[in-house]
Amino acid sequence: PAVTPPSLAMVGRQSMLLDKAATLSLGVLASLCLMSLQAAKSAFAIQRPHCHTPRALPSTAADCPQAFPHANSAGLATAAAGVALVTAAIAVRRPRRKLPCCFALDVARTRADFPALQQEVKPGVPLVYLDNAATSQKPKQVLDELHRFYSYDNSNVHRGMHTLSIRSTEAFEGARAKVAKFVNAADPKEIVFTRNATEAINLVARTWGSANMRSGDEIVLSVMEHHSNLVPWQLLAEASGATLKFARLRPNGTLDLEQLESLIGAKTKLVAVCHVSNVLGCVNPVGRIAECAHAVGAKLLVDACQSVPHMPVDVQNLGADWLVASSHKMCGPTGIGFLWGRADILRSSPPFLGGGEMIDEVTLERSTYNDIPHRFEAGTPAFAEAVALGAACDYLSALGMQDIAQREHELTEHLWKRVSELPGVILYGPTPAEEPNRASLVCFNVEGCHANDLATLVDQDRGIAMRSGHHCTQPLHAELGISASARLSAYFYNTIEEIDSAVDALESAIAMARGDSSGADGADGLDPAMAAALNA
C-alpha cells in the first residue's frame with residue numbers, strides 16, 4: 001500500500017524557539033512551509049509495504065532525492081522548497097534556554113487578566129500582591145464563568161429533569177473531568193469535591209482512617225506539616241490509640257529523608273506529608289517516600305496545596321494513595337477543594353457524611369450508599385464553585401504548567417537574592433542553589449524587628465501584601481526556635497519589579513522599626529495611627 005511520506009511538521013515545531021521579534025515574519029515562513037509540504041505529500045508515491053519506520057528527514061534541499069527516491073519531479077521541487085523554508089526558519093531561532101522568561105509566558109498580558117492586580121491600595125500606591133501562598137488572585141476568565149453560571153445555568157445538580165438542572169449537572173461533572181485531567185487522574189470518579197483541602201484530609205481520616213487504624217498502629221508525619229495535615233491525625237490517634245511519629249529537618253531546612261525512612265516500619269499504617277512546604281519552600285521527594293511506605297503496606301497522603309498551583313502534578317506517577325488541593329490557591333474560587341484517591345481505596349472506605357446525594361436506597365431501617373465520588377459528597381455541593389474551579393484548570397492549562405514553573409523559578413532566584421541582602425535577615429529553607437525547584441516563596445525574620453510590624457509597615461508605606469505569623473505551622477516554627485516569620489510568596493503573574501519594590505519597602509520598614517529615621521523614606525506616607533505607634 002502507498003505510504004504517506006514522513007511529515008516535516010516535527011521540524012516546524014522548532015519555530016516555538018524563535019525570537020519574539022521574528023514571530024511575524026517566521027509565521028509567514030511557516031505557513032509557506034506547510035503549503036509546500038502539503039503539495040509534496042500529494043505528489044509523493046512511496047511504496048514501503050509493512051514498514052512503519054519513518055525515513056530520516058532531509059536536512060537540506062540537496063538531500064531530497066536520496067530521502068524520497070520514488071518522488072516525481074514536482075514532489076522533489078516542493079519538498080526542496082519546504083526544506084529550504086524550514087531551514088531558514090531554524091537558522092534565525094535562538095535556543096529556548098536563552099529566551100527571556102516573558103517569551104514563554106507573556107506576563108504583561110497575563111496580569112491584565114487579574115482585576116485585583118490593577119488597583120491602588122491608596123491613592124498613588126499600587127497593590128503589590130506577594131501573598132500567593134495564602135491565596136491567589138482570580139483571573140477574569142474564572143470570574144466571568146462564575147457570573148455566567150449563576151446568571152444562566154444555576155440549578156441544583158443531579159436532582160432534576162428540566163433544562164437548567166441538566167445544564168448545571170453537565171457543567172458540574174464537566175468540572176470534575178477538568179480537575180481529573182489537570183492532575184492526570186485515571187478516572188474523574190477519583191476526584192471528590194470538598195469544601196477545601198482541610199476537609200479533604202479530614203475525610204480520609206474519618207473514613208479510611210477510622211475503619212483501618214487500630215491501637216499500636218503508627219502514623220508518620222513531618223514537623224513541617226500545615227495544621228490541616230496534623231490536627232486530623234492527632235484526632236484519629238486519640239480515637240484509635242495509634243501513635244504519631246515525626247520526621248525532622250536537615251540543617252538547611254529540607255526534610256531529613258533518611259530519618260523519615262527510619263521511622264517507617266511494620267507498624268506504620270499511614271504516612272502523610274506535604275509536597276511543598278508553605279514555609280521552607282522545599283519540594284519533598286514524594287516518589288521515594290511512597291516506595292518506602294508501600295514496601296511495608298502503608299498508605300501515603302500528600303498535601304499538594306503548594307504544588308498543584310505551581311508545577312505539573314501527575315497523580316498516576318506520583319505514587320501517592322490520596323492527594324488534596326485547594327481551589328483558591330490555583331486561581332479558583334474559595335469554598336471548594338478536592339481529594340484525589342485511588343478508586344479501590346475510595347470504594348472500600350465508609351461514607352464521610354450522611355444525607356442526600358450520597359445514598360443509593362433509603363428505608364426507615366437502613367440505607368445503602370452511592371458509588372464514588374458521590375458517596376463522599378453528601379448534600380448540595382458547591383456546584384457553581386466547582387464550575388469556576390474547572391475554568392481555573394482551563395486557564396492554568398492554557399498558560400502551561402511547565403511554563404508557570406519555569407517563570408516561578410526565575411522569580412524565586414531574584415526573590416531569595418534580594419531578601420538575603422536585607423540587614424540582619426535570617427532566611428528559612430534551602431537556597432535556590434541547593435534546591436533549584438524550590439517554591440517561589442521566602443520566609444524570613446529580621447533581627448530587632450517583629451514580622452507583624454514589618455508586614456504592617458510595608459503595606460502602609462508601599463502597598464505590599466506580605467504575610468506574617470506562624471502560617472498555620474506552629475510546630476515548625478517551634479522547631480526553628482521562632483514564634484513567627486514574614487513570608488513573601490510570588491505567583492506567575494508577579495514581576496521582578498514588584499519583588500524589588502517589596503524589598504525596598506522592607507529596607508525602609510526595617511529602618512523605621514529600628515528607629516532610624518534616615519532610612520525611613522516612606523514614613524510620611526503612613527497612616528497617622530501607625531506613625532503614632534512608631535513614635536510611641
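Strands pair if DSSP finds at least two bridges between them. Helices (H or I, at least four residues) and strands (E, at least two) are DSSP runs, numbered from the N terminus. This is a predicted model: local features need pLDDT of at least 70, side-chain atom pairs count only at pLDDT 80 or more, and totals for chains, interfaces and linings use all residues. Residues are numbered from 1 along each chain as its sequence is written, and side-chain values use heavy atoms, without hydrogens or water.

**View 1. Strand 16 pairs with strand 19.** Residues 441-446 and residues 485-489 run antiparallel, over 4 bridges. Cys443 has Arg487 of strand 19 as its bridge partner.

View 2. Axes are lines fitted to C-alpha atoms, for helices over the stretch in contact (heavy atoms within 4.5 Å). Angles run from 0 to 180 degrees between N-to-C directions.

**View 3. Helix 7 packs with helix 8.** Residues 140-153 meet residues 163-182 at about 155 degrees, with the axes 10 Å apart. Helix 7 is therefore roughly antiparallel to helix 8 (angles over 145 degrees count as such; under 35 is roughly parallel, 65 to 115 roughly perpendicular, the rest oblique). Phe149, Tyr152 and Asp153 of helix 7 touch Leu164, Arg167, Ser168 and Ala171 of helix 8.
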